[in-house]
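Visitor: I'd like to learn how the labels on a protein model get decided. Could you walk me through some of them?
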Amino acid sequence: MDGAGGILRYPWEAPPDHGAAVEVAEGVLWIRLPLPMVLDHVNVYALDDGDSWTVVDTGIHSDHAVALWEQVLTGPLQGKPVGRVILTHHHPDHIGMAGWLMERFDAELVTTRTAWLLARMLILDVEERPTRQTLEFWLSAGMDPEIYEARKTERPYNFADTSYPIPVGYSRVQQGDTIRAGGRMWDVHIGNGHAPEHLTLWSRDDNLVIAGDQIIASISPNLGVYPTEPEADPVAEWLEACSRLAGLAHEDHLVLPGHRLPFTGLPVRMRQLIENHHGALDRLRAFLDRPKTATECFPALFKRKIDGDSYGLALVEAVAHLNHLHQAGEISRTRRADGAWLWQSKG
């Protein structure tokens, strides 16, 4: 992938098999686990602490995941215990097995305060039907009537479906902290936008960056607004975080992301991640010459077909970009009779 001033390079052409590992640097293992969705995998990393391992992110919880982790523990991790689990952010594909590993090894949990609070809250918050607030949010976004009718009586996805319970108690890290793991000292730098208080780790001793979903090579992480905070502006948070982290980036950084392949060429990727959303905002400004609902903005924002598997993520991302322009004072919104917001450029 070319870009101004640099190129992305991929030291490994293919990922490890599920349950296997590749050593990406001395004492740092890259492990890949499956996910039952379009993005069908997650990367986790194991850092060798001598008598034990530090594991960064964990995959979802399922019977298959437990079997794979048993394979990982006896194979690549050589039977040594997991002494610590670091979570980059609160999404279930990253936290799902954290509680299982903590219970199995009495492992310490290390993450940001917001990530821990959201993970624990959402695992405990099991809903059998969509809440009134969720239904109102869907209507306000102009959800397709057929999809709305199908979903309003269905049991929604719950974090507890794919996440093992997380026990009380964790160790908080925040911007400016350091963590020693895998024979290295890591600086903590906090991202935002894709997930609040998203943890990234930057090695002081070599060129490694453990990035979670804050920095991924070939896809742009989803920026979504949800019924829990319908006026949120994750796009502003994303742009601020990317600009700040770009100041740390060097060409020789080896980025270990939460999905896809490790890569070098971080400065150009940070520019791409910023420019991607500026481009989307420009297209949206031009598209809103007439009133549109959030779902009617899909053609302006996305260069792919939005179907059942991607509809929900597209909806929350469309709202995120509209909220950003609205809070910047560039567009207006009015309520339609059915509850949908109609958005339009000012002037």
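Guide: Contact here means heavy atoms within 4.5 Å. Ala, Val, Leu, Ile, Met, Phe, Trp, Tyr, Cys and Pro count as nonpolar, Asp, Glu, Lys and Arg as charged, and the others, Gly among them, as polar.
Guide: Before we go on, this is a predicted model, where local features need pLDDT of at least 70, side-chain atom pairs count only at pLDDT 80 or more, and totals for chains, interfaces and linings use all residues. Residues are numbered from 1 along each chain as its sequence is written, and side-chain values use heavy atoms, with hydrogens and water left out.

Visitor: Why are H8 and H10 called roughly perpendicular?
Guide: Their axes come within 11 Å and cross at roughly 75°. Angles under 35 degrees count as roughly parallel, over 145 as roughly antiparallel, 65 to 115 as roughly perpendicular and the rest as oblique. So H8 and H10 are roughly perpendicular to each other. The axes are lines fitted to C-alpha atoms, for helices over the stretch in contact, and angles run from 0 to 180 degrees between N-to-C directions.

Visitor: What about H7 and H10, and how do they pack?
Guide: H7 (residues 234-246) and H10 (residues 311-327) pack at about 85°, with axes 7 Å apart. That angle makes H7 roughly perpendicular to H10. Pro-234, Val-235, Ala-236 and Leu-239 in H7 meet Ala-320, His-321 and His-324 in H10. Those residues divide into 5 nonpolar, 2 polar and no charged.

Visitor: Why is H1 oblique to H3?
Guide: H1 (residues 63-74) and H3 (residues 98-105) pack at about 50°, with their axes 12 Å apart. That makes H1 oblique to H3. Val-66, Trp-69, Glu-70 and Leu-73 in H1 meet Trp-100, Leu-101, Arg-104 and Phe-105 in H3. By class, that's 6 nonpolar, no polar and 2 charged residues.

Visitor: Is His-277 buried or exposed, and how do you know?
Guide: Buried means under 20% relative accessible area, exposed over 50%, and partly exposed in between (1.4 Å probe, protein chains only). His-277 comes in at 1%, so it counts as buried. Among the residues His-277 touches, not counting those up to four places away in sequence, are Trp-238, Leu-239, Glu-317 and His-321.

Visitor: What makes Asp-282 partly exposed?
Guide: Asp-282 also has its place in helix H8, but its relative accessibility is 45%, so the label is partly exposed.

Visitor: Where is Gly-258, and what is Gly-258 in contact with?
Guide: Gly-258 is in the loop between strand S14 (254-257) and H8. Its relative accessible area is 1%, so Gly-258 is buried. Leaving aside neighbours within four places in sequence, Gly-258 is in contact with Val-42, Asn-43, His-94, Gly-212 and Asp-213.

Visitor: How many disulfides does the search find?
Guide: A search of the whole structure finds 0, where a disulfide is a pair of cysteine sulfur atoms within 2.5 Å. As for cysteines, Cys-242 is at 0% relative accessible area, so Cys-242 is buried.

Conventions. Helix = DSSP H or I, 4+ residues; strand = E, 2+ residues; numbered from the N terminus.
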